Amino acid sequence: MSRQDTAHGTPAAIGEALYGLATRAARRLPRDMSLTSAATLATLERTGPRRITDLAAVEGVTQPAMTSLVRVMEESGLVERRGDASDRRVTLVCLTEAGASYVRTRRRAGVDAFERLIGGLTRDEVEALAAALPALKHLAELESRDREGPGR
């Protein structure tokens, strides 16, 4: 990578900074469940009930792997399976209140960790992050749309 590629403000430099921050944040998460399980719960919290095949595609795992993961989360009381009122042949995976609580608790822990880190920044740095909030939120929306695919 050339020096120009990592110049302040270039997409490559921003991408590198965001990627580094995300991977460090992921390493700090509680190890009480796999990242795929936590991501699946977050997907259900964000999008509502889904078919196992949809969840497998969104999370990038095979259908048998997702079926196994859902079974474990169901046994833990984090999700439940329900019939789809619009198509009785379909079973949907739904977040339980315990699953929703887990997602909220995990998200709050992540927010708190970032708040502590932001507390160590200068006033100018905090203002720069605040100014970047609209772009960061839009970036998250683009990532969600890309991850969940068209028409979902």
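Q: By class, which residues make up the lining of the largest pocket?
A: Classes are nonpolar (Ala, Val, Leu, Ile, Met, Phe, Trp, Tyr, Cys, Pro), charged (Asp, Glu, Lys, Arg) and polar (the others, Gly among them). Here the lining has 33 nonpolar, six polar and 11 charged residues. The model is predicted: local features need pLDDT of at least 70 and side-chain atom pairs 80 or more, whereas totals for chains, interfaces and linings use all residues. Numbering runs from 1 along each chain as its sequence is written, and side-chain values use heavy atoms, without hydrogens and water.

Q: How much space lies in the largest pocket, and which residues lie nearest its centre?
A: A pocket is an open set of points on a 1 Å grid over the protein atoms alone, where a 1.4 Å probe fits, with protein on both sides within 12 Å along at least five of seven lines; lining residues have an atom within 4 Å of a point. This one holds about 2800 Å³. Of its 50 lining residues, Leu18, Leu21, Ala22, Ala25 and Phe114 lie nearest the centre. Two or more lining residues come from each of H1 (11-28), H2 (35-47), H5 and H6, and H6 gives the most, 15. Helices are DSSP runs (H or I, at least four residues), numbered from the N terminus.

Q: In which helix is isoleucine 118 found, and how accessible is this residue?
A: Partly exposed lies between buried (under 20% relative accessible area) and exposed (over 50%), with a 1.4 Å probe and protein chains only. Isoleucine 118 belongs to helix H5 and, at 34% relative accessibility, is therefore partly exposed.

Note on methods
Points joined across faces, edges and corners; volume = space filled by probe spheres on them.
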